[in-house]
Amino acid sequence: MAFSEPMAGELLAIPEDAICPISQQVMEDPVVCADGHSYERAFIQRWLALGKRSSPKTNMNLGHTTLIPNLNLRNIIDAIKTRMPAIQSEQMRHLKEMQDLEAIVRSLMEDQGKLAIDCMVPGSDSRRPSHAPPYEAPASSSSAAPQPSAPEATATSPPPAPPPPLVPAVA
């Protein structure tokens, strides 16, 4: 496949097949999935690792989870990248860096969520220091009667005495 050189200030058109349907970025390591579509390896592997067995593009059931390198598409993408203007290459690099940062933040947030759950659920985290007391959930209000905060008057107890009258001070 022959590509024409871009004019000065003109960006190269990137074929839709070179864009991963999951990441929406130009692929570096394209693989073919059971649905016949190509995906960036890391993204389709994560999709499958999450237990998903449907096509990210068509939502149809995947017959298998074997991924096959798409060498022809990788060669086409490499040829496009070598002809790409420097500004376009820089934009692609910046987008990838942003995507990597977002993935790191997402991963940290997931870890924080797991840590919060580990701290709340008894016995769920072996990382808790041995001197830390286990978390005990408060007793539910339906199983125990509420405790009065102050003694309540009953029918057999005398009513409380009225307060003494205020007497103005005489000078």
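V32 stands opposite S38 of strand β2. The model is predicted. Strand β1, residues 30-32, pairs with β2 in the antiparallel sense, and three bridges join the two. Helix α2, residues 71-83, packs on the sheet and touches β1, β2 and β3.

**Sheet**
- The sheet is open and has three strands, in the order β2-β1-β3.
- Pairing within this sheet is antiparallel.
- Strands β2 (38-40) and β3 (68-69) form the edges, each pairing on one side only.
- In general, the strands of a sheet pair through backbone hydrogen bonds, in either a parallel or an antiparallel arrangement.

**Helices on the sheet**
- Helix α1 covers residues 41-49 and lies across β1, β2 and β3.
- The direction of α1 is at about 95° to β2.
- For helix α2, the angle with the direction of β1 is about 155°.

**Order of elements**
- Three helices and three strands make up the secondary structure elements of the chain.
- Read from the N terminus, these elements follow the pattern β-β-α-β-α-α.

**Chain totals**
- The chain has 171 residues, of which 19% count as buried.
- Of the contacts between residues at least 6 apart in sequence, 46% join residues at least 24 apart.

Note on methods
Residues are numbered from 1 along each chain as its sequence is written. This is a predicted model: local features need pLDDT of at least 70, side-chain atom pairs count only at pLDDT 80 or more; totals for chains, interfaces and linings use all residues. Side-chain values use heavy atoms; hydrogens and water are left out. Two strands pair if DSSP finds at least two bridges between them. Helices (H or I, at least four residues) and strands (E, at least two) are DSSP runs, numbered from the N terminus. Contact means heavy atoms within 4.5 Å. Axes are lines fitted to C-alpha atoms, for helices over the stretch in contact, and angles run from 0 to 180 degrees between N-to-C directions. Buried means under 20% relative accessible area, exposed over 50%, partly exposed in between (1.4 Å probe, protein chains only).
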